[in-house]
Amino acid sequence: LKQESWNIGLPKVNVEGWNALPWFVLSQTQIGKKGVPAYPEYIRQLEGKKVTLDGFMQPVGEDSESNVFLLLENPVGCWYCEMPALNGMVYVEMANEKILRISREQIRIRGMLQLRGSDPEKFLFTIQAAIAE
């Protein structure tokens with residue numbers, strides 16, 4: 001993707017420490033032909049790095065407790081009426097398979113960012129080895 005005005009002022013990626021993962025940068029990811037994502041340069045630089053992201057939990061299944069869930073920028077009342085775009089959700093895998101109770105409260109997640117790569121069955125963004133604050 002070309003250098004766009006929206007990324008001016010983003011902090012330099014911290015290779016060792018924690019990096020904020022802004023929702024507005026995630027939303028700049030485009031889905032191309034054959035479902036191949038085009039990630040902004042800033043997101044590509046964050047792949048494999050430690051990130052932190054605030055959001056709202058959305059269960060993947062029917063369980064009220066899970067070690068995997070989606071993190072969304074805004075809470076969703078009805079998944080079928082208000083489903084966010086693919087670039088507006090992050091799949092979260094908790095560290096050590098820790099179980100969390102699904103909550104309607106905003107939470108902060110910290111973990112390692114992984115991008116989908118070439119597997120169209122995966123979400124665009126995954127935070128692995130996540131901890132909740």
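**Getting to know this predicted model**

Trainee: How many cavities of 30 Å³ or more does a search of the whole structure find?

Mentor: The search finds one. Keep in mind that this is a predicted model.

Trainee: Which residues line the largest cavity?

Mentor: Its lining is made up of Phe56, Met57, Leu72, Asn74, Pro75, Val76, Ser103 and Arg104. Each has an atom within 4 Å of a cavity point, so each counts as lining.

Trainee: How is that lining divided by class?

Mentor: Five residues are nonpolar, two are polar and one is charged. Arg counts as charged, so Arg104 is the charged one.

Trainee: Why does the radius of gyration of the chain agree with a compact globule?

Mentor: For 133 residues, a compact globule would have a value near 14 Å; the chain has 15 Å, so the two agree. Along the principal axes, the C-alpha atoms fill a box of roughly 40 × 35 × 25 Å.

Trainee: What share of the residues counts as buried?

Mentor: Of the 133 residues, 39% do; the cut-off is under 20% relative accessible area.

Trainee: Which elements does the chain have, and how do they run?

Mentor: There are three helices and 10 strands. From the N terminus on, the order is β-α-β-β-α-β-β-β-α-β-β-β-β.

Definitions and conventions: Residues numbered from 1 in each chain as written. Predicted model: local features only at pLDDT ≥ 70, side-chain atom pairs only at ≥ 80, totals over all residues. Heavy atoms only, no water. 1 Å grid on protein atoms, 1.4 Å probe; cavity = no way out; pocket = protein on both sides within 12 Å on 5 of 7 lines; lining within 4 Å. Points joined across faces, edges and corners; volume = space filled by probe spheres on them. Helix = DSSP H or I, 4+ residues; strand = E, 2+ residues; numbered from the N terminus. Rg over C-alpha atoms; globule rule 2.2 N^0.38 Å. Buried < 20%, exposed > 50% of the residue type's maximum accessible area, 1.4 Å probe, protein only.
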